[in-house]
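I opened my notebook to look at how the chains fold and how they meet. Here is what I looked up.

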Amino acid sequence: MSHAAPVLRVDALRVAYAHEHGAVRAVDDVSFTLRPHERFGLAGESGSGKSTMALAILRMIKPPGRIEGGEVWLQDTPLSQLAPEAIRRLRLAGIAMVPQGSMNSLNPVVRIRDQIGDALADHGTKLPRRELAARVRDLLVDVGLPPETADKYPHELSGGMKQRACIAIAICLRPKVIIADEPTSALDVVVQRQVMETLGRVQAELGAAVILVGHDMGLMAQFVDRLGIMYAGRLVEVAPIRDIITAPRHPYTRLLIESLPSLEKKGGLRGIPGLAPLLRDLPPGCAFHPRCPNAEARCRTEKPAVRPIGPDATVACHFA
Amino acid sequence: MTPLLELRDVTKTFAAGVLGRGRNVALERFSFTVDPDRPRVTAVVGESGSGKTTLARLLLGLVPPTSGQVLFRGQDLHALNAAARTDFRHHVQAIFQDPYEVYNPFYRVDHVLTTPVRKFRLAQSKSEARACIEDALRAVGLQPGEILGRYPHQLSGGQRQRIMVARALLLRPRLIVADEPVSMVDASLRATILGSLRKLHEDLGISILYITHDLATAYQVADSILVLYRAAVAEAGDVEPVVQSPQHPYTQLLIGSIPRVSTVRDWASEPVQGERDSTPAGCRFADRCPSVMPRCRTTVPPLFQTAPNRAAACFLYDSAPALPEGKVAAVLAAEQAKAPCAAV
């Protein structure tokens, strides 16, 4: 698997937002690759840059935000070289997004059938009514919704059903990459599990790769193959999920895992000391050093480089 | 002994549908007591629509019950005289989900701390008031110098929520009703805030009702737990046995659905039944229950007391005695070893 050509390659991507005190870098020199069929997780606290990362891959950063540099390759296509119209066609068809708030992503006054139909038509797939109905039906069944859902409006659906409808739209053009930005954060755990099972199943059937953005390490542990940890706009650690859980290398990763309340034994409530830094006022050196239990003098002045620590893993820490 | 706060056979329904003709039952025939002499941390866990926020609002007197009674020190909460009302507002405090909405953006955050000091005459002088406030802030892990004098937008969600905990602490209430206090803050901060709540209970003997959808934090913080499913109690008891060996099939499904940080991928091991639908006549979980029996579809199961400190509303346990209507508090108040303090 590690020899397969990557389906997506993010190379030294940088995104900044203009701010009254100068540019704020939300994504700082991030690189990673995504293999076909791979499930890759991007985890971090709020403000770590993970959602900006997802938008930047789709080139959906709006002013005052700006992609400052770097490249995103979808197979052999460098996305920065595409004209706006080509990028627009590539969204959904090449890279599709399952949004965070499915409640607010569907048009409230359009039936589900027509929302799927619009997505198809907008990308040049104009189908006769009969065929469209059959296509919509297949898509809904694929995501575990009853075919009658086609005639419904979003307010008639539960949160889990709306999120499934969003997955149906995301897969309607058989994309190579599906980016799911906290797709289940508004759902109850039981429904979350059902929706994630559905996402996993349709991904496998399509042979697509998935980037799951989120902060729930339990969800990551149960779903992804490889996990990237973001802190203050940087990817501080990437490793296969099993290695990250059993032997995290970056102190932040370790604290993040330890801060999760356990269901196995009591007395496991431990926070990460301090607060996540403001991106416009990052500490010098390693951005994590004020909260890091292992910080030494070097961490306060020298920014650790991202270095490989295995075939599939990188870390940005002087001592990891 | 008169309970501090009591819900006696409370039902709350809301009008539903365009013309308000339908009825949504948010909480059905629910009874619960808070004993002032035996402070406990009780978690109320359930999915959205289970009635947990309605429960909080009833306890705080924000909504009147449709039937049944809410009593504060034995008196109807909605017919208290002025003195009793002040007493209620002093001793029952709330911490809400959204640490952004509770602040008036035009006032410095000091306002939420100085107001209760003034209203309840907690201090004799300005300097004493200031000292009180600073102590409360330090107790929840905040530096007064970094907080006082700031406006809400200058603070993070976690800081704002901790100020609400400090505010509750200032009043030394007997009960804090915390409705999803950490669902909007980052995982790394949750532990800190819940740790301060737990500490208030241990140091000052404050009862805490922790309302949440997150079973893992409930397990860490609470002594006992109530699992709500669609307006009624599915299971209740000491948190340890309920979480470690759940009896009600819904609790089992809930605990099995929590994604665990483990290299064992046990999450997708068994398929989950469909989503809930219209209200059935019998057990509300019947449509999704893997162990459903014919009578579950016709009769509502009572709470069966399966052990001194736990009960489940499920016919699988009908060999155990049924708890008398409204006596769920009996299993929640059963004597038990004190839970170890969660480290902050």
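I began with the radius of gyration of chain A, taken over C-alpha atoms. A compact globule of 320 residues would come out near 20 Å, and chain A has 20 Å, so the two agree; the globule rule is 2.2 Å times the number of residues to the power 0.38. I also noted that the C-alpha trace of chain A spans about 70 × 50 × 45 Å along its principal axes.

A note on what I had open: this is a predicted model, where local features need pLDDT of at least 70, side-chain atom pairs count only at pLDDT 80 or more, and totals for chains, interfaces and linings use all residues. Residues are numbered from 1 along each chain as its sequence is written, while chains are lettered from A and ligands numbered from 1 in the order in which they are written.

Next I checked burial in chain A: 47% of its 320 residues are buried (20 or more other C-beta atoms within 10 Å of a residue's own, with C-beta atoms placed from the backbone).

Then I turned to helix 6 of chain B, residues 157-170 (helices are DSSP runs of H or I, at least four residues, numbered from the N terminus). Just after helix 6, Arg172(B) takes a positive phi of about 45°.

Last, the interface: chain A and chain B each bring 36 residues to the contact (C-beta atoms, placed from the backbone, within 7 Å). On the chain A side, helix 7 gives the most, with six residues.

Technical notes
Buried ≥ 20, exposed ≤ 12 C-beta atoms within 10 Å, placed from the backbone. Helix = DSSP H or I, 4+ residues; strand = E, 2+ residues; numbered from the N terminus. Expected span 1.5 Å × (residues − 1). Contact = placed C-beta atoms within 7 Å.
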